[in-house]
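Reader: I am new to this structure and would like to learn how to read it. Could we start with a pair of side chains and work outward?

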Amino acid sequence: MHRRYRLLLLVYPREFRTTFGRDFCQFLARQRSEPRYRSVFIGATRFWWDVLADAVRSGMRLRARNMAGAWRRRRHPPQHPGRREGKLIISSVLQDVQYGMRSMVRTPTFTLIAIATLGIGIGANTAIFSVVNGVILRPLPFSNSHELVMVWRLNDRGERSVVSWPDFADWRAAARSFAGLGGFIEATRVFENDGGADELKGTSVTANMFSILDVMPALGRPFVEEEDRYGGPRAIVLSHGLWTTRFGADSTLVGRSIRADGEAHTVVGVMPRGFAFPDPTTRFWTPLREDEILRRIGVTSSGRGLSFINVLGRLDAGVAVAEAELEMTAVAAGIDAAVGRSDSTRVSVQPRHAYIVGDVTPLLYTFFGAVGLVLIIACANVANLALARAAGRNRELALRAALGAGRLRIVRQLLTENVLLAACGGLVGLALAFGLTRGLLALGSESLPRHAEVSLDGTVLIFTALVALSSGIVFGLVPALQGGRPDLLASLKDGGHGTGLSVRGQRIQRSLVVAQVMLAVVLLMGAGLLINSFWRLTSVDTGFEPQHVLTARVSLPETRYGDDEVVLGFFDRLIPALEALPGVTRVTTSYSPPFQGSEFSQMFEIEGQDEVPADELPWGRTIIVGPGYFETMGGTLVQGRDLESSDRKTAPPVAIVNETMARRYWPGEDAVGKRFRTPAGISGSVESLEPRHFERDWITVVGVAADVRRSSLAERESPEFYRPHAQMTWPGTGLLLRTVGDPMELAAALRREVWAIDPALPVTSVSTMTDLVAASVLEPRFRTLLLGIFAGMASLLAMVGVYGVMAYTVAQQTREIGIRIALGAPGAAVLRHTLARGLRLTATGVLLGSAGAFAATRLLTDMLFGVSPTDPATYLGVVLLLVGVAALASFMPARKASRIDPVAALRSE
Amino acid sequence: MTETSHDKLLPLTPATFHILLSLAEGVKHGYAVKREVETRTQGIVRLGAGTLYEAIQRLDRQGLIAEAEPPRDASQPNSRWRFYETTKRGREVLKAELERLEADVKYARARALV
């Protein structure tokens, strides 16, 4: 157990090892069992990361101190003579470094290519690592953040889900494993300003949330108990950003009252800069009050079926996640028994860190693996170059050996040169990483949580240094071992020419190329699959015409638009005004336009079908739309009619259903004219509202619409029904405008028309439908692009490798080929022969790589859409591509070989 | 070991300061120092093994701490740790550092920064 730790001790000077070795190992063994390192994978990674970073830092300090001591002793000569040996080593290392620099300058082409190749490899690795470090490895920015956990109810499908208010209250009263248990949900509020209004995103939290997170407001105080009770005073805490941008960082603001959603709120505090909970887009916090939420959802009383609270807790010191989960499951079982719930509730306790980064972790490690492969390929390239160069220096090395340099000394000198090269590559890589990281974050900010926390910090610098050093050793070792045993006699006898690589050296060179091709194949397969899948995803038919549609949201505040007639009156004025704008052909509303992210589902009951138990009733997505929806969106009505302005509240309730719903519930029949009904009230995204409170009126189906993609291109069809806005009035809605030209040109006019009717209304999410659809594929686009770039780099490097080896082989065999041509071999045969050699190398690599890819691409299964991880077409494509490029890479040297002038070739020797 | 004046040792690095402070309370081994410091500072100061022993070596050489007999009542009877305590000189340096910090805090307080 302690052996691994003993190995670490080698970082330190001997004196330190003998004094502190045992304590050091015992220390680490105890540290390993601390709670923050307990989780299986993250814990171990974090532990070794902490320990290695500490060892490198303290080891360097100690060694530097010893070195400084040695210098001082040199200036004041020591009393004992045994020190001279150490001095000799230092001076010979300096000599190696000097010598290495000189030989770098002497072969500038080699040096530049090597540094650039390594720089690309190291830069890509540094960039990805800085993301991995900032997003995954670094603990959340809260004190003892490993104690923060999310507590979920598991629904019947085993998915984590939010909690109802009564359950949350009971959990809080009963739970013992936590230092605190709090709840939060997203909350938006409208803040009025001169001449307009903004809708801002905030979070409602229980009063204890700030103490659970252990962050207190920088100004003022956190919420107090009576503020999250029924009918308590209205309070608000502002983020540092909102306080600065909107209130000019006015420190007298605390205690004063501001207006949000038309109601007065007392500002009780301002959070410190950088505080982000639950994410950086949150601008303010309000107390989480049951009455407030129910009012906003639009129901009068909450039951255990109405779930909306996210639960966050801080574990008591020393309590493990599993223990807390066990306790909470017991608590939930107690509640189930008390309220007579038949099916038992299961609870899941999940570390907050895992909740935030869990989804993105596999993706980032995939990238990390991919850039790792790129670096290996880059190293192999440089190793090949260095090998060829070392061969040219055989004579020089032989001479040095003859003059008495030991084998170790020569190996060390070659190694020093390579480490020096790698260090330069590392510096170039670091510079590249600055740009790469920025580009990466710009591309992936939508897909990466915690992206604001990514930076090139000390940890990343140490990582880069380690990568550079180890790649220097890896690619340096190959030629060093080869060069370490120069054939003295042969080299010196050879009349002054570089002899070229030995048989063994050539074999190493070829194996390196095969390995390069192999790794490039693995990466290309991965990228190929993602590209194929992305292509399929983006060519999915949405079912409507997203071009020339402008979308926006308006939210009408409850306080002034509490009455349905007032809401409808507003739209009755707005829509004709918008349709009168030049360039607008049709305008409608929809509570949940496609790809906007807001939607809700309702249970429904089909008329005339057998009675079904309440909790087995089917669910359908409810889409509230204004008149002329299908005309505006360019959707297809398969049957029946569009919803019209005559479908008023007083008219019989009607709906249009989608084809999936029609097919599933009225199979083989004409759905038009059939009837179904839904529960009373609008229930938002509520999971299971107490059933049985159905509307008395049946809803008649008046049309059947073609299926559309609504939240993502990859989704499956599910039952949907469209209801007229006038029959199901909702104070917030999306506006949809079909335009003739560029939709964005009408954005300003749209705002103007809304504000002409009511200047205090916020107009949010103004966007074109095409942009919304494109935004839904940002994440797949990000990973496809990134893996594509890595695979491109890998293939390019591998092809440089193939070219390098073939060119070198031809150059080495000039004389032999010359003789064969002189003996009458036709140029075409020479060409074919050389080409075949290059292709044989490539084919071996491709074969091995395909086998590797077969195993590796399984990791991508979850990221693929419509393509299997062993898709034969992709495999074939990649193989053909690589073989083609390899043929090109070997063709140039092969052609050169076929044109060798035998006379010149023989004379040159 | 050369005697340097206390002022030359100030200000102390965070690691040195916390080790001196922790050992001034009583004899401890390295890991116990780490735990004590971490609890007291609520996890803000985390000492790694290398950093800790590097500082211990330095403090020992400067004569600010010294190796001590393991305490009798240690829960593990034949403990295999090295134990340390703060020397008289260590206490003097710690006191000088605390006075220096106090002066800074006073300064800040006088200007209503705290």
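Author: This is a predicted model. Start in helix H5 (residues 88-110) of chain B, where B:Glu99 and B:Lys95 are about one helical turn apart because four residues separate them. Their side chains meet in a salt bridge, with 3.4 Å from N to O.

Reader: What is the general idea behind such a pair?

Author: Side chains of opposite charge can pair when their charged atoms come close.

Reader: Is B:Lys95 buried or exposed?

Author: B:Lys95 has a relative accessible area of 55%, so this residue is exposed, the cut-off being over 50%. B:Glu99 is at 43% relative accessibility and therefore counts as partly exposed.

Reader: Which residues do salt bridges with shared partners join into one network?

Author: The network consists of A:Glu34, B:Lys34, B:Glu38 and B:Arg46. One link in it is the salt bridge between B:Lys34 and A:Glu34, whose closest N and O atoms are 2.7 Å apart. Both B:Lys34 and A:Glu34 are buried.

Reader: How many salt bridges are there over all chains?

Author: The count is 34.

Reader: Where should I look for a salt bridge inside chain A?

Author: Take A:Glu720 and A:Arg621, which form a salt bridge with their closest N and O atoms 3.2 Å apart. This pair links distant parts of the chain, since A:Glu720 is in strand S22 (residues 720-724) of chain A and A:Arg621 is in strand S17 (residues 619-625) of chain A, 99 residues away.

Reader: Why is A:Glu720 called buried?

Author: A:Glu720 has a relative accessible area of 1%, and buried means under 20%, so the label applies. A:Arg621 is buried too, with a relative accessible area of 9%.

Reader: How do I read the interface between the two chains?

Author: The size of an interface is often given as the accessible area lost when the parts come together. Here the area buried between chain A and chain B is about 2300 Å², and carbon and sulfur atoms give 48% of that area. In terms of residues, 22 of chain A are in contact with 23 of chain B.

Reader: How many salt bridges are there between chain A and chain B?

Author: There are three salt bridges between chain A and chain B. The interface also has eleven residue pairs in polar contact, with both residues at pLDDT 80 or more.

Reader: Which helices of chain A each supply at least two residues to the side that touches chain B?

Author: They are helix H2 (14-32) and helix H3 (40-75) of chain A. H2(A) gives the largest share of that side, 13 residues. Sorted by class, the side of chain A that touches chain B has nine charged, seven nonpolar and six polar residues.

Reader: Is A:Ala452 buried or exposed?

Author: A:Ala452 is exposed, with a relative accessible area of 61%. This residue lies in the loop between helix H14 (407-444) and helix H15 (458-483) of chain A. The C-alpha atoms of A:Ala452 and A:Val135 are separated by 8.9 Å, though the two residues are 317 residues apart along the chain.

Reader: What does each chain look like as a whole?

Author: Chain A has 27 helices and 24 strands, and buried residues make up 50% of its 909 residues. Among contacts in chain A with a separation of 6 or more, 81% are between residues 24 or more positions apart. The accessible surface of chain A is about 41300 Å², 59% of it belonging to carbon and sulfur atoms.

Reader: And how many helices and strands are there in chain B?

Author: Chain B has five helices and three strands, and along the sequence they follow the pattern α-α-β-α-α-β-β-α. Of its 114 residues, 45% count as buried. Chain B exposes about 6600 Å², with 53% supplied by carbon and sulfur atoms.

How values were computed. Residues are numbered from 1 along each chain as its sequence is written. Chains are lettered from A and ligands numbered from 1 in the order in which they are written. This is a predicted model: local features need pLDDT of at least 70, side-chain atom pairs count only at pLDDT 80 or more; totals for chains, interfaces and linings use all residues. Side-chain values use heavy atoms; hydrogens and water are left out. Contact means heavy atoms within 4.5 Å. Buried area is the accessible area (1.4 Å probe) that two parts lose on being put together, summed over both. A salt bridge is a side-chain nitrogen of Lys or Arg within 4 Å of a carboxyl oxygen of Asp or Glu. A polar contact is a pair of N or O atoms within 3.5 Å; within protein, one must be able to donate a hydrogen and the other to accept it, and residues adjacent in sequence count only if both atoms are side-chain atoms. Ala, Val, Leu, Ile, Met, Phe, Trp, Tyr, Cys and Pro count as nonpolar, Asp, Glu, Lys and Arg as charged, and the others, Gly among them, as polar. Buried means under 20% relative accessible area, exposed over 50%, partly exposed in between (1.4 Å probe, protein chains only). Accessible areas come from the Shrake-Rupley method with a 1.4 Å probe; for residues, only the protein chains shown count as cover.
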